[in-house]
Amino acid sequence: MATSLGSNTYNRQNWEDADFPILCQTCLGENPYIRMTKEKYGKECKICARPFTVFRWCPGTRMRFKKTEVCQTCSKMKNVCQTCLLDLEYGLPIQVRDTGLSIKDEVPKSDVNKEYYTQNMEREIANSDGSRPVGQLGKATSSSDMLLKLARTTPYYKRNRPHICSFWVKGECKRGEECPYRHEKPTDPDDPLADQNIKDRYYGINDPVADKLLKRASTMPRLDPPEDKTITTLYIGGLGDTVTDGDLKSHFYQFGEIRTITIVQRQQCAFIQFATRQSAEMAAEKSFNKLIINGRRLTVKWGRSQAARGKEGIKDGVSEMGTRLDPVPGLPGALPPPPALDEEAPANYFNLDPSTSPAVMNIALPPPPGINPPPPGFGPPMFHPMGPMAPPMPPPMSMRPPGQIHYPSQDPQRMGAHAAHGSRHGD
């Protein structure tokens, strides 16, 4: 064993004694002022089984305590975080990084070969300046298109949340809100992400997280060039306040001559026009879904032709120079004009057949209970609609004086109007 007191003097003399761990931004937490505990030779490394200095800290409020899991030698050999074992440059699992860089893992698995390999790596690390990884990783190419597309540019602090409370799942947790664990429903036990092994992640084999990311990389969208060969402009979105035209020029000048760079601060985007179509296609291919400037992932799309923009500007009522404001989303469109009214047509408020004459039917309604009916001769007068004693008809709309508004409820010919009038006269 590497930790025996009499068998291996070299390893006992080279046990790790560090002053600060090698961590990624996610494991370190968002709080710049954290308190760490340091335990010299506190545990053995889960890869090389040598004792190392263990650091323990809390990355933030309502987060679980974290500690280093592997020694710094194993961390430097793979360029990974000592806690999560994710790559420090891309934030990806080792299996994804090695696949993107075409690296084959050569770390031995047996104890004796592992100790010999670790000693050689420590000697190589001591002779290097520490700015670049060692071993096969240091000899690999500088970048990969797939890794730039999958790379995580911002910390993922949600990974530091506490574990799920097993007592709450069984309905036996009595701590309530004071419980330091999460009271949430656990994930499916058959989910492959629920079964992860730290050695498999370090050696880059059978890693379910890496398999998921590799499947995502195989189905990522592509940016096809437009059919119009006159388009040599690229649209760059998501600039924010930190990306300037100088930053864009320093990145895109490598693909060819740049004619103009136009930045629209109001929409936080830019338009880069190249001198040739070949330069624009090369810039789009090398930058699509993997352009990161000043820590921001930018969106790269092809620009539109002048004809397409002119048609759209006419359709939307907005000129290309922006002289008119864009329509506010969510508001209704213009109301349709009211139908033309024919002044000679009579007002038909009840949708009656115009061929029939407006006959008035005087129907005597029964009196309410408790009231005696009026004696004969004192009730409402009954007139034939076309008789000589019938009331006069209202004048048509065209013959009425101006300013007078006719409401259906005020029509004297409506049903019940004469009945009520006759009742008042009879009383």
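Predicted model: local features only at pLDDT ≥ 70, side-chain atom pairs only at ≥ 80, totals over all residues.
User: How many disulfides does the structure hold?

Analyst: The general idea is that the two cysteine sulfur atoms of a disulfide must lie within 2.5 Å. A search of the whole structure finds zero disulfides. For Cys74, the closest cysteine sulfur belongs to Cys71 and is 3.5 Å away, which is too far for a bond.

User: Which residues does UniProt list for the C3H1-type domain?

Analyst: An unreviewed UniProt entry lists residues 159–186 under "domain: C3H1-type". In the model, this span is 14% helix and 0% strand, and its end C-alpha atoms lie 15 Å apart.

User: How should I read the strands, and in which sense do strand 1 and strand 2 pair?

Analyst: As a general idea, side chains in a regular strand alternate between the two faces of the sheet. Here strand 1, residues 36–44, pairs with strand 2 in the antiparallel sense over six bridges, and Lys43 stands opposite Phe52 of strand 2. Six residues lie between the strands of this hairpin, where Ala49 takes a positive phi near 65 degrees.

User: What lies on from there for strand 2, and how many of its residues are buried?

Analyst: Strand 2, residues 51–57, is mostly covered, with six of its seven residues buried. Strand 2 also pairs with strand 3, residues 66–67, in the antiparallel sense over two bridges, and Arg56 has Lys67 in strand 3 as its bridge partner.

User: Where is Val243 placed, and what does it touch?

Analyst: Val243 sits in the loop between strand 4 (233–237) and helix 11 (245–252), and with a relative accessible area of 5% it is buried. Leaving aside residues up to four places away in sequence, Val243 touches Leu248, Ile293, Asn294 and Arg296. Of these, Asn294 is 51 residues from Val243 along the chain, while the C-alpha atoms of the two are separated by 6.8 Å.

Notes. Residues numbered from 1 in each chain as written. Heavy atoms only, no water. Helix = DSSP H or I, 4+ residues; strand = E, 2+ residues; numbered from the N terminus. Buried < 20%, exposed > 50% of the residue type's maximum accessible area, 1.4 Å probe, protein only. Contact = heavy atoms within 4.5 Å. Pairing = 2+ DSSP bridges. UniProt positions renumbered as here; feature names shortened; annotations may be inferred.
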